Amino acid sequence: MRKRPIVALIYDFDGTLSPGNMQEFGFIQAIEQNAKTFWRKSDEIAIGQDASNILAYMKLMFDQAHQKGIKLRRKDFQRFGSKIELFPGVREWFRLVNEYGKSQGVVIEHYINSSGLVEMIEGTPIANEFKRIFACSFLYNDAGEAEWPGVAVDYTAKTQFLFKINKGILSMRDNKLVNESQAEDKKRIPWSNMIYFGDGDTDVPCMKIVKMFGGNPIAVYNPANPAKKATAQKLLRQDRVNFISPTDYTAEGKTFQIVKGIIDRIKIDDTLHRLKR
């Protein structure tokens with residue numbers, strides 16, 4: 001039986017599927033701060049120590065929670081995650097794309113590639129839609145409480161997960177298989193079958209790699225934020241992305257029309273490739 005082509009839809013999270021940083025929906029309120037103060041403190045840690053911005057925000061979350069007597073177990077992160085707002089149509093998006101892919105004879109898989117927290121994304125109503133959530137996470141002690149960063153994903157570290165998706169590697173820890181040489185026709189998901197969604201400059205390394213290898217980067221923007229649209233337009237001018245689109249994931253939205261067109265092209269290319277044999 002002929003294998004159906006697999007299409008990977010890979011999403012940043014903050015600003016892409018949600019209109020803000022995930023820490024701003026529940027966690028920051030729990031520690032009785034506002035977003036501006038929290039991120040200023042996080043930046044001060046990173047700048048003052050010449051440290052990773054990602055590790056800085058994870059340390060700040062840990063320290064601020066402990067100061068307020070808030071436990072940080074996986075279920076607590078998930079509770080905060082349940083408060084994360086999503087852009088219009090996101091909840092129904094996965095069904096829409098899956099059904100369209102099935103109608104065109106392709107397999108659709110969804111992945112998260114984010115500098116946010118796995119544990120918080122797990123608390124959202126869309127968590128089960130993803131084959132793998134590649135993002136930051138904590139290590140936990142015997143009492144189930146966070147005690148140290150386990151994975152920190154900055155904007156360049158995100159690129160490694162593209163190569164893992166390409167080869168069908170789902171392990172966060174793996175650093176061996178991902179670097180082994182593999183013939184292009186043996187890789188599970190060709191680059192040309194990848195659609196990457198991001199909203200800003202921190203997505204540029206991933207966008208550039210996906211585009212360079214023949215994939216389909218899309219810069220999405222919140223239409224309520226002119227600065228976000230300007231960023232998307234800049235990425236298009238700089239040839240970092242193939243398309244820009246508002247963060248409207250409804251059936252009527254431009255994003256769905258773009259994705260349908262890409263799926264159609266992938267299906268046609270797959271059919272023509274098979275006819276060469």
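The model is predicted, so local features are reported only at pLDDT of at least 70 and side-chain atom pairs only at pLDDT 80 or more, while totals for chains, interfaces and linings use all residues. Residues are numbered from 1 along each chain as its sequence is written, and side-chain values use heavy atoms, with hydrogens and water left out.

I begin with the sheet. Seven strands make up an open, mixed sheet in the order 4-3-2-1-5-6-7; strands here are DSSP E runs of at least two residues, helices are H or I runs of at least four, and both are numbered from the N terminus. Two strands pair if DSSP finds at least two bridges between them. At the edges lie strand 4 (146-151) and strand 7 (243-246), each pairing on one side only. Direction ignored, neighbouring strands are turned by 25° against each other on average. Strand 2 (residues 107-117) and strand 3 (residues 132-140) run parallel and are joined by four bridges; tyrosine 111 has arginine 132 in strand 3 as its bridge partner.

Which strands does helix 5 touch? Helix 5 (residues 90-103) packs on the sheet against strand 1 (6-11), strand 2 and strand 5 (194-198), where contact means heavy atoms within 4.5 Å. The direction of helix 5 makes about 150° with that of strand 2. Axes are lines fitted to C-alpha atoms, for helices over the stretch in contact, with angles from 0 to 180 degrees between N-to-C directions.

Next, a helix pair. Helix 7 (residues 158-167) and helix 8 (residues 204-212) pack at about 35°, their axes 8 Å apart. Lys158, Thr159, Leu162 and Phe163 of helix 7 meet Pro205, Cys206, Ile209 and Val210 of helix 8.

Finally, the aromatic rings. The structure holds 17 aromatic pairs; rings of Phe, Tyr and Trp (its six-membered ring) pair if their centres lie within 6.5 Å, and planes under 30 degrees apart count as stacked, over 60 as edge-to-face and the rest as tilted. Tyrosine 11 and phenylalanine 94 form an edge-to-face pair, because their ring centres are 5.9 Å apart and their planes stand at 65°. This pair links strand 1 to helix 5 across 83 residues. Both tyrosine 11 and phenylalanine 94 are buried, that is, under 20% relative accessible area (1.4 Å probe, protein chains only). Ring pairs link Tyr11, Trp93, Phe94, Tyr100, Phe130, Phe197, Tyr249 and Phe256 into a cluster.

Definitions and conventions:
Buried means under 20% relative accessible area, exposed over 50%, partly exposed in between (1.4 Å probe, protein chains only).
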